[in-house]
Amino acid sequence: VTYGYAGKNQFKPEYGIEIAENVQSTDLFLNENGVQTELDGSNRKVEELRTELFASFVYSMNEKMTFEGGLTAEFSRVTVSGDVSNKINYQFLKPRLSSIYKMDKDTRLIVDAGRGVNQLALDAFVANVQTTDDIISAGNSNLAPEINDELSVTYDWTFHERGSLKVKVFNEWRTDILEDIKLTEDQDTGDFTSGTGNAGDAQFYGVQTDINLPLDWILKNGLIEISHGYRKSSFDDPIIDDERNVNGFIPRWLNFKFRQDITEHQFAWGMDFWSDYLETGYRVGERITFGANNRLRVFVETSQFFGLKTQLEIHHINTGEYTRSRFSYVRVRETDNTIVPGDRGDIYNGSEVASRKREPEIKLSIWGTF
């Protein structure tokens with residue numbers, strides 16, 4: 001529920017409240033060769049009740065300078081019941097402030113600062129099994145949400161009805177990031193269970209650039225959209241006692257879109273390009289990379305027939321290639337000198353590589369309103 005003022009005053013406030021309830025019940029059983037395996041957190045019910053009170057404003061100081069900001073107070077309670085019982089209360093204040101300066105009629109400079117709190121996925125409170133990878137994750141009944149403080153500066157230039165350039169430079173400080181961590185560890189044998197948990201603090205920084213480039217000078221109603229991101233992250237990994245990127249981090253990407261609308265013939269065509277990338281994931285006992293090559297999609301569409309829009313597209317026209325690699329580690333159990341799974345600080349045990357190809361996919365779509 002929100003209440004706000006939308007008049008012509010310089011100061012426009014808005015107030016509101018949001019109430020959300022999320023519930024998840026899980027009963028998980030794992031049988032291996034007819035033998036049931038006990039899982040930590042396999043029988044749990046997780047309930048979250050969250051309330052947010054917020055006040056925001058827009059203040060137009062003059063024709064060139066505008067401020068936007070607000071303050072949100074979040075109160076939430078997570079109740080875990082089942083094989084483990086726990087009740088956690090969270091309270092957060094989330095301020096934000098941005099200033100928008102119009103350098104001229106086409107150019108803006110925006111400075112943003114604020115705090116965000118990521119919502120917890122209830123899946124992390126319960127056990128999880130990935131049978132294809134033979135991965136068992138224990139449930140963690142004591143989690144805190146990740147907090148993100150961000151400061152950014154954005155240069156926004158509009159040079160055409162459809163042409164623009166936007167460059168954003170940002171820095172983020174994240175607290176209590178969620179990673180795969182050791183939840184329990186036997187002091188005698190060194191055996192451990194792992195699952196999602198709060199691993200510490202991390203820093204993100206980078207540049208994101210978005211360009212819309214009209215091509216009317218060579219192709220009427222042609223438009224190129226380019227999005228490029230370059231990011232870095234820093235996290236002190238206690239398992240390897242060294243700095244690394246955070247889990248699931250993609251340091252760079254490039255997306256390219258081209259489209260031309262030939263309005264007199266109710267026809268359009270274009271293409272999308274996605275650059276290659278490499279994503280790295282970290283679990284306590286393994287490192288997983290997933291990468292893809294440069295991929296291309298082309299399409300044609302028309303609205304000439306029956307007032308419906310018809311589109312023919314081909315994905316992976318150049319063949320999509322995906323590679324997934326798993327790097328595992330082992331250790332020698334001191335109590336009986338047997339080789340058992342270890343963590344990433346133990347002995348490297350080799351890799352498992354899976355390569356997949358996606359041949360061109362043809363898709364015909366017809367849609368409309370009636």
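Guide: This is a predicted model. A network of salt bridges links Asp-133, Asp-180, Arg-283, Glu-286, Arg-324, Arg-326 and Glu-352.

Visitor: And how many salt bridges does the count come to?
Guide: The count comes to 33 salt bridges.

Visitor: Why would such side chains pair?
Guide: Opposite charges can pair when the charged atoms come close.

Visitor: OK, give me one pair. What does Lys-182 meet in a salt bridge?
Guide: Asp-343. The N to O distance is 2.8 Å. Lys-182 sits in strand 12 (residues 164–185), and Asp-343 is in the loop between strand 23 (339–341) and strand 24 (347–358), so the pair ties together parts 161 residues apart in sequence.

Visitor: Is Asp-343 buried or exposed?
Guide: Asp-343 counts as buried, because its relative accessibility is 10% and the cut-off for buried is under 20%. Lys-182 is partly exposed, at 28%.

Visitor: Next one. Which side chain pairs with Arg-252?
Guide: That is Asp-276, in a salt bridge of 3.3 Å, N to O. Arg-252 belongs to strand 16 (residues 252–262), while Asp-276 is in the loop between strand 17 (267–274) and strand 18 (277–283), so this bridge ties together parts 24 residues apart in sequence.

Visitor: How accessible are those two?
Guide: Arg-252 is partly exposed, with 38% relative accessibility. Asp-276 is partly exposed too, at 29%.

Visitor: What about Glu-361? Where does its side chain go?
Guide: Glu-361 meets Arg-358 in a salt bridge, at 2.4 Å from N to O. Glu-361 has a relative accessible area of 30% and is partly exposed. Arg-358 is partly exposed at 38%.

Visitor: Switching to patches. Which residues gather in the patch of negative charge?
Guide: Asp-236, Asp-241, Asp-242 and Glu-243, on the surface. Glu-243 lies in strand 15 (residues 242–244).

Visitor: And the nonpolar patch, how much accessible area does it have together?
Guide: About 890 Å². Its residues include Tyr-101, Met-103, Leu-109, Val-111, Trp-157, Phe-159, Trp-173 and Leu-213. Strand 7 (86–104), strand 8 (107–117) and strand 11 (147–158) each give two or more residues to the patch.

Visitor: Which strand gives the most?
Guide: Strand 11, with 4 residues.

Visitor: Where is Leu-151 placed, and how accessible is it?
Guide: Leu-151 is in strand 11. Leu-151 is partly exposed, with a relative accessible area of 41%.

How values were computed. Residues numbered from 1 in each chain as written. Predicted model: local features only at pLDDT ≥ 70, side-chain atom pairs only at ≥ 80, totals over all residues. Heavy atoms only, no water. Patch = residues over 30% accessible without salt bridge, like charges linked within 9 Å, V, L, I, M, F, W, Y side chains within 5 Å. Areas by Shrake-Rupley, 256 points an atom, 1.4 Å probe, with all protein chains shown as cover. Salt bridge = Lys/Arg side-chain N within 4 Å of Asp/Glu carboxyl O. Lys, Arg positive; Asp, Glu negative; His and termini not counted. Charge placed at Lys NZ, Arg CZ, Asp CG, Glu CD. Buried < 20%, exposed > 50% of the residue type's maximum accessible area, 1.4 Å probe, protein only.
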